[in-house]
Structures are given as C-alpha cells and as structure tokens.
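Reader: I would like to go through this model step by step. Please show it to me before I ask anything.

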Amino acid sequence: MKVLELFTITLLYCTSIVYGLSNVRLLKETKRNGQNGIIKLTDKNFKRVLEGPRDSYIILLLTATHPAVGCKVCEEINPEYDVIAESWFHAHPDGINDGKKGLFFSKSDFIDGDNQELFKFFQVSNVPIFLVYKPTDKAGPESLTEYSMLNMPGVNKGKERIQLFINSISHHFQLNNFVIYEPINWGSRIITILGVSGIVLLLMKYRNLVKSVLLSKILWAIFSCLFIIIMCNGYMFNKIRGAPYAGGNEKTVEYFKNGMQEQFAIETQIVSFIYSTLGVAVLLLIKFVPFSLKFYEKKNKEHTAVLAYLGMSILFLVAIFIFYSALIRVFRMKYSHYPFKLGK
Amino acid sequence: MLLSFSSSIQIILASFLLLLSLADALSIHPLKTLVVYDNRLTDLQDYSKFFQNLQDRSYDFTFASINNDTDKIRLYSDEEKLYDNLIIFPIKTKRMSSEITPKKLLKYFEDGGDILTITSPNGLTDPVRLFLNELGIFPSPKQYHLIDVFQNEGSADPSSSVTIPVSETLNKFVYDSHDDTTETELIYQGSSALLNNNKFLVPVLQAPKTSINKRIDAKTNVVDANSEEWTIGSQGYVVVGFQNLKNSRCSWIGSDKFFSNEYFESNSKFVTELVKWTFKEKGVIKSLGFNHSHFDGRSYEEEPYKIKDDIVYDLYLSEWDGDKWVPYKSDDVQFELKMIDPYYRLTLEASDKVIDNISTVYTTGRFKLPDHHGVFTFLTDYKRPGLTFIEELDIKAIRHLAHTEYLRSYEITNAWVYLTSIYSVISLWIVFVALIIISARKTTSKPVSQTKKTQ
Amino acid sequence: MATVSSPSPCCTSQQLLLGIKAFLKLVIFICIIGAATSNRLFSVIRFESIIHEFDPWFNFRATKYLVANGFHKFLNWFDDKTWYPLGRVTGGTLYPGLMTTSGLVWHIFNNYLGLPIDIRNICVLFAPAFSGITALATYLFTKQVYHNDEIAAFLSAAFIAIAPGYISRSVAGSYDNEAIAITLLMTSFYLWIKAMKTGSIAFGTFAALSYFYMVSAWGGYVFITNLIPFHVFLLILMGRYNHKLYSAYCTWFSIGTLASMQIPFVGFLPIRSNDHMSALGVFGLLQFVMIADHIKSKISSAHFKIFITSSILILIGIGILGVVGLTYLGLIAPWTGRFYSLWDTSYAKIHIPIIASVSEHQPTAWSSFFFDTQFLIWLFPVGVFLLFTELRDEHVFVIAYSVLCSYFAGVMVRLMLTLTPIICVCAAITISKLFHVYLDFRDSVIKNKTDRLIKTVTNLIVSSVFLSYLIFFVYHCTWVTSNAYSSPSVVLLSGQTNQDGSPVYIDDFREAYYWLRSNTAEDSKVASWWDYGYQIGGMADRTTLVDNNTWNNTHIAIVGRAMSSPEAKAYEIYKELDVDYVLVVFGGLLGYSGDDINKFLWMIRISEGIWPEEIQERKFFTENGQYRVDEFATDTMKNSLMYKLSYHNFPELFSAGNMPAVDRVRGATIRSQDVGNLDYFEEAFTSENWMVRIYKLKDLDPEGRNLKDVADFERTGAAQKKIVKKPRLEPRLL
C-alpha cells in the first residue's frame, strides 16, 4: 500500500511539471494532514496550505460539530463533505481535473481546537460556511483574502444535498467526471455473503420443510391477504412520506390525524386490525358456519346444528357490525363532513 | 369602431398623397419646425446663416422665445403633434414651461418628433438636461467648459474655442468625411458630455484628447481648480446623436456658437449634414417588406414548410436620398432563422434586381431548412448606428415529416436485407404448410374412409 | 339477484323460465347501466355540460382538430400553439384511442344517424357512456373467472358501475384517457381469461386486438403488458403449463406486440423498453417450456432432469447477460422515470421533481381507499382468500392482479383506478359466496319444522344484514360522487347561495380565458405554470409555453426559473421566448388553496435541478426553515416574480377599509411595502375574485433604458434632481 502511494506521488511529480507545482504541494498536504482526502486546517498550517500561487480550487469548510454549539446542520454536513471529497479523489486520484485546474478540500472544525486564529481570520460568525479559493498567480498573504462564499445548496440532507453540491461545483469549476462514489464496505459484504450461504445451507438441510412451506396454499393465501390489507391501508404512504407514528403532545396521544391526505403510521395498524377482523368474520360466516351445520347434521344432532348455526351467525354478524361501525367512526374522525353513521 | 377605422385609413392615405405631392420635400416627413430659444442668451440674428440655410431647404420655422412667447411653446394640440422638428437653443432658466418637461419631451420624441438640442455652459435648463440624461447623454453642468490648454496655450480666456478636425467624425452616416479632401477643422466652444452605454447613441464627435472639462468661475473667468473634471480627453463627447426604436432622432451639441454666423464658414458643411441627419433627410432606409417561399415558388400558405425544405428569403430595402426613395445597397444585411438560438445566420446578397426603381432585392438564395421542427422566427434585424432601424420578423412553424413522407422501405438499400429475410420466411412458411398438407393427406384420409364405412 | 331455478319436468315451463331469466337479466343490465350513467351526471346537472380539469381540455382540443381535419391530418398534426417555440408533434406524442373513438361516435351520429350533435357533448358524455360498457365487461370477466357465477358477475358489474374509485375519473366532462381505458382493461382481461381457458387462437387474437385498442388509448397499457406474462409465468412455476396456455399467450403476444407498435407514440418501445421485457421474456420461456414438454414425452425422466436443469441454468445466464448487455449498450432503453418511482419510492423526489410535483403521483392514505370503495375494501381480501381455496388457473390471475395492484395503488393515487375493478370483482365473489350459503332455501336434511324455521330465519337475518350494507354502499357512492367527484374544477361552487336559492358560482378561470381570447392578439404567447397550459390552449386558444404534457423538463424549468427570478431577469427570460402575457393563479382573496404560490416550491425545485447556482430552494425559506409570504419572507421570495405578480396591489385592496390584507390561503398578512413595484409588467386583467391575474410584458423602452429606470423616471420625473452630480458610468464600450 505504502509503495503504491509512493509510486503515485512520484508519478505525480513527473506530471506536475505540466500542471504546476502547487497541485503537488496540495496533494502532499492532503496525504499528510488529510483524512478522507480533506486537509485538516489548523492555526499552524492554514496559511501555508491556502497561500497562492495555486492552480487549483480549494474548498474550505468551517464548521463546529460540538454538541454544545448545537449546530445540527454541521453534524449533517460532516459525513456528506467526506463523501464529496472521497468521490472526487476516487475519480481523480491526483486531484486534477483532466489536465485542467485541480480541486482540493480542506476543513476546520472548531471542536478540534488549535484553530482560534483561523476562525478569527475568516471572521466566522455562523457555521457551517463554505469558502472557495480560486486558482491564482498571487502569492503571500494577499492571496489569502481572495476567497468567495459558496452557497449551501438544497434543504434535504443526505444524498440529495450531496448531488446538488456536486452539480453546483461541477458547473462552476467546470469539473468533469464528478459523481458520487460510495465506497464498498467489505466487512458488511463478507457478512452478507456468509449469512446468505448459511441460510442457503439451512434451506438445503430442511428442504422438505421449506418445500412444504413454499407450496402451502394456506400460507400463501394468508400472506397475500395480509399484504393486500397492509398495502390498502397506506403503508406505502407512511414509507414514502415518513409519517410520524402518532401525534399529540406529552399528555395526550393523538391516534388519528384529521384530513384525508394525512395520516399517522399507527392508523395503518389500527385500520389493518379492523379490516382483518372484519375479513375473518366474513370468512367464518362463509366457510365455518355452514361447515359446522354440516358437521352436526352428520352426527344427526339437528337441533344443535341449527342452534349453532343461528348463534354463530348472529355472533359474527354482531362482530361485523361493531367493527364496521368502528371503522365508519374512525373515518368520520378523518373526514368530518362524512354524513353517514352506523350504530352510535 | 369601423367608421373610425376607415377614417383613419383615409387620413393615412391623405398624408401619403400629401407626401407625394411634396416632391421637393427633403425629409421623409414635413419640416414644420419649432425653435425654442432664450432671448437673454440667444440673438437670432447671430444665427441667420444657419436658419437661412435651412429655410432654403424649405424648412418652416416657428420661433418661440421662452420668455415672451410662452403661448407659442406647445408641442401638442390635444393629442396631436404640432411640429415635426424641434430645435432647442440654450436656455438659462431652471424650468422652461409646463409644455416642455422631460416627460413631454420624451413623449414627443417617442411620437416621432425629431429634436436638435443645443446647450451651452450658460444655458442648460433642467428639462432638457433630464431628457438628455434619459437618453444617456450627460452634458457638463452649467459653468463647466471644455478647455484645451494645449490648443490655447497662453490664451487669457480659458474657455476659448477648440478645434476638432472634421475627419474625426465617428459616424459616416451622419457625416462622411471620406469625401472631404479639405482638412476642415471644426471650431467648437462649449460643454462636453459623458455618455453611458446606451446602444442607441450615435456618437459623432469626441472632445480632443488633450481637452478637459472643468468649472470656470463666471465672474472671475478663472478655472476652478477644486472642481471635479467632468470629462477628460476623449472620454467627453461634443456632438452626439441618438435614434430610438421608433426611428426618431435627437442630436445634442454642447455649443451654440457652433451654429453661429461667426463660425459658420468652417462649420457649415458639418452643421448642414448634422441637421440633415437629425431631421431625417439622410441616413434613412426602409424595408418594403420581405417574402419567403419554397424554392419552387409555392408560398407557405399553399404548402407549409417542413424540415429540410429548400426555401428562399427575399428582402426589399430602399434608401431616402433627400428627394425620393432609391435602392439601398449594402453588404452587411443579415438574415436569421432562429428558434431561441439562431439556426442560420446568412448574409443577404444584394442582387442586381431592382423593384420599381426604389428598392434593392436582397436574397438568401436557396437554402435548406434545418432538420429540426419547431416554431421558427424569420428575422432580419438590421440596426446600424446612424441608419434607421429595420426589423422584419415573421414567425412560422416548420413541421416534421408526415408519416407518408419518409422513404419507403424498398427505397433504402440497407433495408433490402430485412426485406429479403421477411419474404423468404413467408414463402418458406407457405412451402412448409403446403408440404405438411400434402404429406398429411394420407393419414387423415383413413378416418374419413372409416366414417364413410360406418355410414 | 338472479333466482336459482329448480329443475322442472315440463319443457315449456322450462323455456318460460329461461325466458323470464333472460328478461330479468336484461332488466338488471339496463338498471346497472342506467345507474352507472346517471350517477356520473351530477356535474352536468349542477354545473353545465363542460369539459373538466386540465388534461381533458387537451383531449377535447385534439378531438376537435380530428373532427375538423380528418384522421390523416390528425396523425401528422404539428401543433405550433403549444410548447412555444418548440411546438409539439402532437400526432406522434399522444394516445389517439380516445379521440378517434369519440370522433367515430360523432361521425356515426352526424353522418349516419342524422343526429347533429355537438362534438363537445359527445366528449362530455363519453365517460358515462363507457362506464356502462365497463360494467358489462366486468360482468363477463367475473363470470369467466368465477365458475360462471351469475350472482358474482352481476354484483361486480353493479359495484364497478357505482364505485367512487372509478367514478373519480369518469364523471361527465372528465374526458380523459382513463375514461375509455378501464373499459378496455376489463375487456382485455376478459378476453385473455377466455383465451387462456379455451386455448382458442381466435380469442387470443381478440385479446390482442383489445390490447391494441388499449395501447392506443392509455399509457397504463403497460400494466396489461406485464400482468398477463406474470400470470403465465406464475402458472408455469406452479407446473400448470398446457397447450392452451401456449397458444393463447403466443397469439396474444405476437399479434398484440406487432399491433401496439403501430401507434406512433409507442413505436419501437415494445422491443426496446425494459417495461416490456417481461412479456418478451415469458414468450421465450414459453417456447422453451413447450420444447421441454415435448422432449419430456420422448425421453426418460432421469435424462430429462439433467437436461432440464442444465438448460435452465444456461438460459437464465444468457437472459441476464443479454438484458444487462443490451441495456449497457443502450439498445434497450432503461426503465422510464415513472416506472422507477413506482419501485424506488424516493427516486422521483430526488431525480425527477416534475413527476413528484404531480398530485396524482402522491402516495395514497388509507382513508382514500375507504373513501373510494367503502366496504368493498374489507371484502376484497376475503375474496382473494376464497379464490386461494380453489386456486384454478384463472384465479391465479385475479390474485396476481390484486396483490400487484394494491401495492401500486398504495404508491400512487392515480393507480387506485386500476385497483378498483379487481376490488369490485373480489368483493362480488365474497358476497356472492355468502349469498350462495345463506340464500339457499332448498330442502335440506333437516326434518324438524322449528329447526328449519330457525335456519331459514338465520339465513334471512344474515342476508338482510348484508343487503342493508349493500344499500348503505349505494348511499355512500352517491354521496361521494355528488360531493367529491362532480366538480369540473374549471367552475367552482362558492358554497353560498343567491337570494333565490341558486348557488353562487366562481367562474374566474373561464372569465380570464375568455378575456384572453377576446382581448389579445391571436398570436400572443401566454406564459403560465404548466397546469394551465391545456386550459389556455383549449379555452383561450392562445399559444402556450408549457402544458400538462410534461415531456420537456428543461422547458418547464425555464418557466419555473422565470417565476422564481427577480423581475428584470424574468423579463429577460420571457422576452427571449417572445412571451406577451403572464398568467398566475392567486387564491389569496378567496381562499383557493390550489394556487400558484402553493405550487411555487415545485417551480423552484424543478428549476433548481437545472440551474442550481441561480435558483436555490433554501433562499425561499426563512432562517427557521419556514415557507412564508408575510413580512418575514426572505428577500428572494419577495423579489421573485411569482410573489410580485400574485400580490400586486393586493394590500391596496384592503387599505381603503384600513384592514390588514390577509391572504386567506396561507393566513398571512401582506404588507404593501413588501410587495415591490412592478416595473417590467403591467396588470392587464384580474378576474372577479382575483383568482386569475394576467400581466402584460411592457414593451421595450424605445430609448433603450431598462424598464426599472423608466418606471423610476415616470415616478420621480416631477421631482427633478436639483444638484447635478457627475454620474458614475461604466466605461463606454466602443
């Protein structure tokens, strides 16, 4: 690994004559002080790193991830910034954009200490901020003050914001081949492979059991029906919208959200339960009640048969009525204009 | 509604006839001219040669002094424009009259009135100044003079005149110095102006490179060293034209003396040309329309354009020669075919064809429409500083090929491979079916015979 | 309900019974079709015979073009009035089924029957008429699927006739592709089941022709394209391959695919798009299974096992490699964006805001399901379960349909429409089964009279309870239809009534469009957010920049960019596109929540996708991340064109009464100092309730100044500057 690194650096030295020495200097800084391809800036090194002349863009993130600061955005941005830098260096190991200008990343987090002077220098009043140094011929302290602010794109955190950020800087700095690169996590891959092969082995061992489960009509039927019930109860709505589980405040819990276009996740569960009960009751009414009738008839217990027939029918009908009216009631909570009622 | 419409047509017709009858008219419009002056600054006698020159060219003057003839100073009667041209001499008062305000001047200008404004370090009234500012001309304020210490070395009067060679004229449509073999020098005394980047400005003369514009104390006649320079060197302009989108023209000169009898000898030719330009006796071109059609002569209405059609675009341009319309010749007229971006930008060729002796036929020649359907603009945007603007545009759709207008499959040699395979498969299948039927006859004949037997 | 006839010894009485049965059937059909049609006429009765919403206006306009110019011209129609200046190859980018059908109906009425009917009325009443046919098709489908069960069939027909889930897209005036598509969907499925059961090539061909009709009518045909192969695939997996299946599928696939490619908009998609690959794959698989089946009958089972496993492995390998390779080479197009958004639910939000912005593409809450189908929704899984107990070949189809479609409907509201028919079928099966049990009064083994009485009473109780639920369902459907789905959304009800009791209508849209039609030049270009593109084209007959056919994201983003830019920039953008008028919809005065300020975020998002450095969503939110329009709104928000156009002169409207100008949609007070001057646009028209506001772009200044300077000059021209200062000018460029 070390040899390879050395090799690339020497290789870069050779090519660097074309691109200017500053790129190599920055690359060296990135290797030495960097973490995930981001140069960590301190009071000691920031002038050295940021000073011109340079052939590259340097993006500088000033942030404060200390919980006491309470900057939520800073904490969100941190890993995203890592991904951006990593993606860049993945496609451009030398940090240089197709023989044109280079791009390097630097960061200073207030939590790391040893950077008061730096924060004072940039007169940081709010975090996080992105600064950009453009390629310049100037040298010395004069070149240090020539930076511009970079807008933080997007509102939504995560991949979306990373993409917007990359789009924006690609456009401005005319960067090529800059796409999000997500490093492969070998550890989890191996675990997955082991796990899968383990499961496969288990399945092979209990082949017959698996086969009977797979071919079981009743299991498939139950599974399908449950799937349908869940899907028809806004499960996907919760997934997509990220609906909260329930509403209300500390004292009272709100189970149902008013409005047709809104819902809590718990509503899906409650209504699914109602539907299932209703469904089972109807099913029993169709299948089980006549079955019991036949059963007792065969045993020549006519009277019991008929009474059971009556009793169970009434029982299920009452159950259906109760749950159906509950359903309508719940629906009226969602949609207050609904004029119909069932029971009370 | 209808009535007023037809009557307005009549008026247009009448004015057109009037135009024709005035065969000796010099401008494209009548020359009814209002001259506004301040009798405290201007003695009309000093400009007699200038006015005589114009009157010889059938200008019809109404003179109005700002102090005495306030009732005469009216640009409009109701909504009707009273004068075609307006000449404003330097005016000393801060305000002029309720009839001449910056807004009214601008309205008059936008209604097609041409204006010649003359200011001087002594006479720069606010309405005129503000009006000029709107056009992007910023004349130096009162008491600021154009000084050229190099030209007037040792002169006691710092504000004495400067000379500018006429060959330095910046716009050939206003004054063509190429014809001028004599090295005439224009004598100029007065203000200079800063210009902004308004694209409709037609700078005519710059101040000399060695000049400077500073305040001169009126009483002591000494340069106020503390005053900020209004213009330095060729940053300043002394004669500026302006033409708006409606082809009205306005000229500004920062010197009334420029027109005076005193300097008339040297300046007369330039002045004449400048006035001619301002009042549209020259530098006027017009389009008599355009025409585009399929190359074979069918019009768009007969056969709408589709992609890759061959078409021709013609444009007819005339120029006013001070007497009548004559064909206009130039080699820089361009035609654009655009849909957001130009797909074609072709230089129109002035053909030898002339229509009715008044217009040149410009043509693109045959060209192919782009391979892209859409709503295209056929545009000639000919805007040259000093010439009246010409913008002819026509928006037409270019449609895609209809499903019957593509090549048939057998006309494409590449498709022969596929055609061969299709037809060979079909014929082989027929052969196959035929063979099956022939070979199967024997086996099926048995049950048939059996049923016959049972019957 | 159909009565169960007992076998009769006499021939004539049997014939009589059959006759009565047929007559009853006819009466039931007439009732169902009558219910289906009349239920959908609320909007016509309450409002008028008018085309609804947005897309139908385009369909209507296209139909008018078809009727006026004939089919050939329609097919090659280049529409230069939309998507200015790009234009739209309309003939090649629409599904012509709807227009051609109504054009044909018009033709028959006018030229053969001698009934001169306005094309508008045909278009308005098109959907109700077809819903009757849908009921018929559903009847046939259910009968085919479930043991020729007449009760289930009639019930399902009755359900689909009045189920709100289907009515939502097929009321009178909602002249949209879906109106005809559901009819064709059910017909195609019916014919497919028939073909699959009989193995008849004729029915396979009919299924293919019906499929072709469906392809010509609606983009949702892809559902059939995938569901039928899926059905076949499942059957093969279950080891239920037979020759009938083979001949039915092969006929359907080859004829259907070739036919579908004749629609210009579909073109080569069936062999290039991944959406269609499953059909092709199953076709190939079926060939393989057929050959394997043949070989199986020839060789020993041990050899066959080796043969089959090895060839399956090889085939799968080749198939996967082929699909991946072809996709990589770009020979088959990747899945379309809408397709992606069905599976990866966050895909649309990140990559294609234009799809996410459409309200039809939102996920469905449970209450919508209940609203649209009421008690059918909980009978639905029972029906699926009942089908599982038997699990015939055709039952597999219904189950696959139910499971897949309930997922899709959960992801996108609009797919509720395709789920509704199968809900009706399954629920009908459940009820029918129930009635079969409890309406069976035939002699049973029970001898005791009281016991028999008890049983009969029980039967009666159960049946009557469910009958009352059915009646409740009818009430529900009628109420939902009349209250939720019968608004044309072009005309609104204010909820108030005049003195004579007639309702007060809010007719701002038509007022504004009529103004455009009669007061602007015929070639004027009107810029608006794309929602109103079709309406402007259809009602005002003016050229639009973007419309509801959202194929060109960039062009839509340009309009969004102009709306979210400051005035001067927006003016520049619009001038480049030759725009003459800008139309915005503003609900602040009336409390109409579907207005442009509420849609504004989507405009910003869509344009941010293309110009991220220029438009940033963040800048429209306050520090606290709120979307506000009152005094706390950000400057970017206040300077945006949308804000200015919406609130122009709005505070002044209230200032006379010294009242705060409250935006009734967002409950925000608008201050006049926040609404800047309008320098580049001038108000041309504002409708009665301020819902539609039309602005004209001012002409370029003849003197070449920018229009803000002009406006400043107009405002301060009277107050002249006293002191002359040297102007700060840019160096002059010569």
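Reader: In which hand does α3(C) pass α4(C)?

Author: The model is a predicted one. In chain C, helix α3 covers residues 55-75 and helix α4 covers residues 97-112. The crossing of α3(C) with α4(C) is right-handed.

Reader: Are α3(C) and α4(C) parallel or oblique to each other?

Author: Two packed helices are described by the angle between their axes and the distance between the axes. Here the axes lie 9 Å apart and the angle is about 55°. Roughly parallel would need an angle under 35 degrees, and roughly perpendicular would need 65 to 115. The two helices, α3(C) and α4(C), are therefore oblique.

Reader: How many residues of the contact of α3(C) with α4(C) are charged?

Author: From α3(C) the contact includes L66(C), V67(C) and F71(C), and from α4(C) it includes L98(C), M99(C) and W106(C). Its residues divide into seven nonpolar and five polar, and the number of charged ones is none.

Reader: Which strands stand at the edges of the open sheet in chain B?

Author: This antiparallel sheet has four strands, in the order β20-β19-β24-β25. An edge strand has a single partner, so one side of it is left without a neighbour in the sheet. The edge strands of chain B are β20 (341-347) and β25 (390-398).

Reader: What is the bridge partner of F378(B) in β25(B)?

Author: Strand β24 of chain B spans residues 374-382. It pairs with β25(B) in the antiparallel sense, over nine bridges. In β25(B), F378(B) has as its bridge partner D394(B).

Technical notes
Residues numbered from 1 in each chain as written. Chains lettered and ligands numbered in written order. Predicted model: local features only at pLDDT ≥ 70, side-chain atom pairs only at ≥ 80, totals over all residues. Axes fitted to C-alpha atoms, helices over the stretch in contact; angles between N-to-C directions. Parallel < 35°, antiparallel > 145°, perpendicular 65-115°, else oblique. Left-handed = near helix turned anticlockwise from the far one by under 90°. Contact = placed C-beta atoms within 7 Å. Nonpolar A, V, L, I, M, F, W, Y, C, P; charged D, E, K, R; others polar. Pairing = 2+ DSSP bridges.
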